[in-house]
Structure formats: C-alpha cells, structure tokens
Amino acid sequence: MSPLGIVLSFGLSAIAWELFARSGMLPAAITPSVFAIGAAIGRMVLNGTLFVHIGYTMFRIVVGLALALAVGVPIGMLMGRFRPAERFTLPLVSVLSPIPSLAWVPLFILWFGLGNAASIALVFYAATFPVILNTWTGVKSVNRIWVRSAESMGAGDHAVFRRVVLPGSLAFVIAGLRQAFARAWIAVVGGEMIAATSWGLGWVIFDSKEYLNTDVMLGSLLVIGGLGLLIERLVFQMLEHRTVGRWGMVKTVRT
Amino acid sequence: MAHIELARVSYDYASNNGPVTALSEVSFDVDASEFLCIVGRSGCGKTTLLNIVAGFLKPTSGEIRIGGHVVHGRGGDRGVVFQDFAQLFPWRTAQRNVEFGLQVRGVAAAERAETARRFLKLVDLERFAGSYPHELSGGMQQRVAIARALAYNPSVLLMDEPFAALDALTRDEMQRFLVGVWEETRKTVLYVTHNVAEAVYLADRIIVLSPHPGTVRAQTRITLTRPRDPLSVAFLDFQKTIVAQLGQGR
C-alpha cells in the first residue's frame, strides 16, 4: 500500500460517508458526520478513557493468546509426533473448532461470571484451535531430510526435537498465531459486548447504544479496525519477516 | 581414518507382491582413506546400500563394521551428504549449520565457531558464514553440506549423488573441489553415483552394482594419478570399462 493510496481510499470513503450522513436518508442523530466521529475519538483520547478501553481489551487478548499458545503448541506437537495422540485429539478438535466462539458466551458467563475471565476464556477458545491445527501441520511437514541429517550428525531424539522439529515447524506456528489473533480479535470485541462490565472496546460500543452515542460507536469501530491492523502489521508480520521470512521458509508479503 | 566393511549385507522390503530383495549378500571393504565409488543404474539399490551404512535402514541380514566395530543404527561417526539441497537447516546460517554436529556434542560456543570457520574455509565459503542457505547457490549449499558433514570429525564420509542436481559446469568444479578436500582430510569416502565419468574422476576404486537384486558385479581400481584429465585416453578407457560392466546381462 502506498501512502497516497491509503490517503485516497480513506479520503474518498470519508467523503462518501459524509454525503450519506448529510443526505437525510437516515436521521442525523444516528449518522454522525466524519467530524463528530473524529471529535468523539478526540474526547476519548483527551480524557484518557480510550487507553483504558484499549488496555483492557489488550489484556484479555494477550492473556488469552498466551494461554492458547501454552496449551495449543504442546497439543499440536504431540499430535504431530505421536499417532495415538493424533487419533485421540483430531476428532475433538475437528468438531470443536468450527463452533463460533461467540456461541459459547452465555455458557462462559454462567461458568466464569461477567468480567475478564469470560472474555479471556472466549479469546482462549477462539485462538487455541488455529494454534493446534497449524502446529500439528507444521510438525508433520518437517522435512525428513533435516531429521536424517541431524541424526547422522549424532543428534538424539531430544536434540532433534529441540533443534530441528521446533524451528522446522515455526513457519506454521506463526501462521497459526496470526490466524489465532484474527479470530481472537473478533471474539474479544464480541465477548466484551455481552460479558464485560465496565471497560473494553467492545463494551464501550454496546454501552453507547444506551445513549445513542453513534459517534462514539463508530469511533470505537475505527479504533478496533486500526488497532487490529497495527498489531497484525507490527507484531505478526514483523515476527514472520524476522524469522521464517529471513530464512527463506515463507515468502513474506509486505502490504 | 577408519575402514568400512560390509559383510553379506542383504535388504528386503515389503511390496504389494510380497517381499522384494533389494540387496543380496553385498560384501566389500573400503580401506582407510580410500575414495570408493558405487556405480549402478537407478533402482540397483545403491542408495539403499548407503542408507544402510548410514544407519537409516536396518539390513535384513549381514553387518556393517566401521573401524572394526559393528554399527547399529545411526550415530555421529559417519558424515552424510545427500543429493537434496534442502538438507541444510534453513533457519541456521552457513556457519551455524556447520556447527550443528559440534553443538549436539556439547562443544563450547567459541570452540565450535572456530572449528566451523576452519571448515568453511576448507570449502572456500568463509565469506558466506553469515548467509542463510536460501541465499546461496546450489553448489555453495552442497559445499556447506560437505563442511557440515566433516566438522564434527566423523571417521567416514558417505555421499549420495551430492552433485547430481547441479548443472554440468558446477558439477565439474565441485568434483575438482571434492578431490582437493579429500586429499586434505584423507577421509574414507563411500560415494554413490550413476555418473560413470564422475566416478572415474573421483574414485580410487569403483564397484559396479547390478540390479534386481543389488549385488556386486565388478570392481575396478582406477590407477590414474590426480589431478585426472577427463579427456585423456586412459581416462576414457576406464570409462568404457565401467560402462561395459554396467551394460552386462541386460
């Protein structure tokens, strides 16, 4: 994306929105102008609440993702290395994985109560399966010639696992993490709408509905989109670029 | 350097039509510091034979001895170089690839870095120590693989058509280069190829393997002095001899 292209696509979209907002097709109260949306974001920045919302949402994402990695990577590794583990786990993962994480929200609220725990559980649920499945695929796709080379050089099972299987499957683990983040980002915002009690980017949108604060709602949406993009760009693309991209194991695309 | 002995090595594998004998009672020795080439048509079991010596496959019967000791399975006493460029670890630089065998032996970082440097110098890739495999040409990658297989000082070097995937010019260069490395290190080399000219250029002795099942058909000592001239009459005569041995009984 060139800077000019970005300015152009956002600029034209803003103009189109502005025309629609002023056309009177919908009441002005629920179609705030671009300036009102900007002002709403500005207010939340100035009084600091935006950062608290972001902080809560990020906290839930980070803890949930960390748990998903801590659980998903070992499970995926076991599945890739041991047939019985694969046979036992794969049917469960295959059935649980397609369930939209938001479908669990009512149950999670009953189990974990309203607040952080339910949102974190939701992130964990959304993120774990991409991590498991990609790690499993990664281990399965470790080139046999690497293992043979390592063994011929005297590496035992432990060294082969640590120095060949782990780095050899990293491209897939990172791909899994990216997918996990994308799913978790959707899950956390949705979850916060229902399960959070006072803070979070999802909660603020839902809360604003009570007061018809559509400028805050749209402003928060923009923040959610921008932040998700920024994290994907800064964290995951950078991570990929510096590791498996650097090693020529995947073609990294800079968008 | 250690010598290699193969004593009545046979190998059967299962197929849809029952067991197939890939190798039948193959026996020969490779002397210490000898360069021995195994030549055969595709499917004659030469790679299977190398994989057995390397310990990747277990012979159905017979045994392998290296330096007088029977070998079981894989171990760090044999260096192996494959045909596939992908054998290098893409996540390690050339230097760190060469260090691998030393690292799994617990050699201290400073010492293994120094040893790796020495072997990269031996294969003339010192300047590329910090490069990742995908940044190197095929010939350079194979040279890193050779350095890597030598760095932990195995007693024998096993090579499975290491230059078969290279273009003809690079291959010639690599053959000259390998002879230089061998003369310097005096490793015992077991080298598998289907390329007769390559075998005559490299080997002290050539063993021709006949297919279905793989058995030793002929042995020829290449008495030419090095460096060898592939266009000399004596060289071509050896080439004819080996080609004739390969063609027998077809």
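Predicted model: local features only at pLDDT ≥ 70, side-chain atom pairs only at ≥ 80, totals over all residues.
Student: What is the radius of gyration of chain B, and how does the C-alpha trace extend along its principal axes?

Tutor: Along its principal axes the C-alpha trace of chain B spans about 55 × 45 × 35 Å. The globule rule gives 18 Å for 250 residues, and the value for chain B is close to this, so chain B is as compact as a globular protein of that length. The radius of gyration of chain B is 18 Å.

Student: What percentage of the contacts in chain B with a separation of 6 or more comes from residues 24 or more positions apart?

Tutor: Of the 250 residues in chain B, 46% are buried. Turning to the contacts in chain B with a separation of 6 or more, the part that residues 24 or more positions apart account for is 71%.

Student: Into which domains is chain B divided, and what distance separates their centres?

Tutor: Chain B is divided into domain 1, made of 1–77 + 156–165 + 181–250, and domain 2, which is 85–153. Taken over C-alpha atoms, the centres of domain 1 of chain B and domain 2 of chain B are separated by 26 Å.

Student: Which helix gives the largest share of the side of domain 1 of chain B that touches domain 2 of chain B?

Tutor: The contact takes 10 residues from domain 2 of chain B and 8 residues from domain 1 of chain B. On the side of domain 1 of chain B, the residues divide into 5 nonpolar, 2 polar and 1 charged. The largest share of that side, 3 residues, comes from chain B helix α5 (residues 168–185).

Student: In what order do the 4 strands of the open sheet in chain B lie, and which are the edge strands?

Tutor: The pairing in this open sheet of chain B is antiparallel, and the order is β2-β1-β4-β5. A strand that pairs on one side only is an edge strand here, and in chain B these are β2 (18–30) and β5 (69–70).

Student: Why is Leu158(B) classed as buried?

Tutor: Leu158(B) lies in strand β7 (residues 156–160) of chain B. Leaving aside neighbours within four places in sequence, Leu158(B) is in contact with Leu50(B), Val53(B), Ala54(B), Arg78(B), Gly79(B), Val80(B) and Leu190(B), and its C-alpha atom is separated by 5.9 Å from that of Tyr191(B), 33 residues apart along the chain. The class requires 20 or more other C-beta atoms within 10 Å, and Leu158(B) is buried because the number within that distance is 24.

Student: Which residues have the most contacts inside the largest nonpolar core?

Tutor: This core has 140 residues, and its largest share, 15 residues, comes from helix α6 (residues 116–140) of chain A. Val123(A) touches, not counting residues up to four places away in sequence, Arg60(A), Ile61(A), Gly64(A), Leu65(A), Ala184(A), Ala187(A) and Val188(A). Those with the most contacts inside the core are Leu122(A), Val123(A), Ala184(A) and Leu190(B).

Student: Against which helices do the buried residues of α10(A) pack?

Tutor: In helix α10 (residues 201–210) of chain A, the buried residues include Leu201(A), Gly202(A), Trp203(A), Val204(A) and Ile205(A). After α10(A) comes Leu212(A), whose phi is positive, near 55°. The buried residues of α10(A) pack against chain A helices α3 (49–81), α9 (170–195) and α11 (214–245).

Student: How many residues of chain B are in contact with chain A?

Tutor: On the side of chain B that touches chain A, β6 (78–81) and α2 (94–103) of chain B each supply at least two residues. The residues of that side divide into 12 nonpolar, 5 polar and 4 charged. They meet 17 residues of chain A, and the number from chain B is 21.

How values were computed:
Residues numbered from 1 in each chain as written. Chains lettered and ligands numbered in written order. Core = buried A, V, L, I, M, F, W, Y, C linked by C-beta atoms within 7 Å. Buried ≥ 20, exposed ≤ 12 C-beta atoms within 10 Å, placed from the backbone. Contact = placed C-beta atoms within 7 Å. Domains from an automatic or database assignment. Nonpolar A, V, L, I, M, F, W, Y, C, P; charged D, E, K, R; others polar. Pairing = 2+ DSSP bridges. Rg over C-alpha atoms; globule rule 2.2 N^0.38 Å.
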